[in-house]
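Trainee: I am new to this structure and would like to understand the terms as we go. Could we take them one at a time, each beside its definition?

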Amino acid sequence: MMPTIPATNGHDSWSNPGPGRAINVSLDRAAVEALCTKNQTKISAIEALPDGGTRVVMMNGEDAVKMRHAFGNKILTGIVARQHWARVVR
């Protein structure tokens, strides 16, 4: 009889990390930065979205959870278009 291997291969603590650190919101960059400062959270990356709004990546999961609560109904759901960028090498 073959042993049963769980779907997480026994590493469920890191195989299912939960929500990511990236959050898309319908606020402009200045408002996002101000709200993050107010909530004492750190931003890893931030970019404007072409159709309006901002994508912000928090430094850690705890900050992301805190900011999801702070952003509330300003969080964009579904697929969000992002600006394509290219690195110029000279």
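Mentor: Let us begin with the polar contact, which is a pair of N or O atoms within 3.5 Å, where within protein one atom must be able to donate a hydrogen and the other to accept it, and residues adjacent in sequence count only if both atoms are side-chain atoms. This is a predicted model, in which local features need pLDDT of at least 70 and side-chain atom pairs count only at pLDDT 80 or more, while totals for chains, interfaces and linings use all residues. Residues are numbered from 1 along each chain as its sequence is written, and side-chain values use heavy atoms, with hydrogens and water left out.

Trainee: What makes the pair R55 and N24 a polar contact?

Mentor: The side chains of R55 and N24 are joined at 3.5 Å, and the definition asks for N or O atoms within 3.5 Å, so the pair is called a polar contact.

Trainee: Why does R55 have no salt bridge?

Mentor: A salt bridge needs a side-chain nitrogen of Lys or Arg within 4 Å of a carboxyl oxygen of Asp or Glu. For R55 the nearest side chain of opposite charge, E47, is 4.4 Å away, and therefore no salt bridge is assigned. Lys and Arg count as positive, Asp and Glu as negative, and His and the chain ends are not counted.

Trainee: Is S26 called buried, exposed or partly exposed, and why?

Mentor: S26 has a relative accessible area of 42%, so it is partly exposed. It touches G53, K74 and L76, not counting residues up to four places away in sequence, where contact means heavy atoms within 4.5 Å.

Trainee: What makes β2 and β3 a pair?

Mentor: Two strands pair if DSSP finds at least two bridges between them, and β2 and β3 have 5 bridges in the antiparallel sense, so they meet the definition. Helices (H or I, at least four residues) and strands (E, at least two) are DSSP runs, numbered from the N terminus. In this pair A48 stands opposite T54 in β3, and R55 also lies in strand β3. The open sheet has 3 strands in the order β1-β3-β2, with β1 and β2 as edge strands, each pairing on one side only.

Key
Buried means under 20% relative accessible area, exposed over 50%, partly exposed in between (1.4 Å probe, protein chains only).
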